[in-house]
Amino acid sequence: MGSNKPDSSTAMRMLIAEIRDTLPFDIPETQICTDPCRGCPVKLMDYMRSELEAWEQRLDAGEKPGLGDLSRLEKKGRKVYRMLRENKLV
């Protein structure tokens, strides 16, 4: 019996792609920084971008993420999304 579930590296790449598709990384900083804002959307986007790039580098180097790694990245993505939604950016 085979499993249709992706391996952890594939699952992480899929999660990274979903986060990149969901968050507005292509919005210019001038549109992100509006008054008033809750939190700092620019810093949140920079943080999330660096997290995704770090994981892409780790995956390219052959690292195998665990379930906890997937869960943590998903949780971070959801928190950033929530803050961006509160600032009406998504």
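Predicted model: local features only at pLDDT ≥ 70, side-chain atom pairs only at ≥ 80, totals over all residues.
Colleague: Okay, and is Asn-4 buried or exposed?

Modeller: For that you look at relative accessibility, where over 50% counts as exposed. Asn-4 comes out at 81%, so it counts as exposed. Here's another thing to look at: Asn-4 and Pro-28 are 24 residues apart along the chain, and 39 Å separates their C-alpha atoms.

Colleague: Now the helices. How do I read two that pack together?

Modeller: You describe two packed helices by the angle between their axes and the distance between those axes. In this model, helix 1 and helix 4 pack at about 5°, with axes 10 Å apart. An angle under 35 degrees counts as roughly parallel, so helix 1 and helix 4 are roughly parallel to each other.

Colleague: Which residues meet there?

Modeller: From helix 1 they include Leu-15, Ile-16 and Ile-19, and from helix 4 they include Leu-70, Leu-73 and Tyr-81. By class, this contact has 8 nonpolar, 3 polar and 2 charged residues.

Colleague: What about pockets? What volume does the largest pocket have?

Modeller: The largest pocket has a volume of about 290 Å³. It is lined by 13 residues, and the closest to its centre are Glu-18, Ile-19, Glu-74, Gly-77 and Arg-78.

Colleague: Which helix gives the most to that lining?

Modeller: Helix 4 does, with 8 residues. Helix 1 (8-22) and helix 4 (67-86) each supply at least two.

Colleague: And how do the lining residues divide by class?

Modeller: The lining of the largest pocket has 5 nonpolar, 3 polar and 5 charged residues.

How values were computed. Residues numbered from 1 in each chain as written. Heavy atoms only, no water. 1 Å grid on protein atoms, 1.4 Å probe; cavity = no way out; pocket = protein on both sides within 12 Å on 5 of 7 lines; lining within 4 Å. Points joined across faces, edges and corners; volume = space filled by probe spheres on them. Helix = DSSP H or I, 4+ residues; strand = E, 2+ residues; numbered from the N terminus. Nonpolar A, V, L, I, M, F, W, Y, C, P; charged D, E, K, R; others polar. Axes fitted to C-alpha atoms, helices over the stretch in contact; angles between N-to-C directions. Parallel < 35°, antiparallel > 145°, perpendicular 65-115°, else oblique. Contact = heavy atoms within 4.5 Å. Buried < 20%, exposed > 50% of the residue type's maximum accessible area, 1.4 Å probe, protein only.
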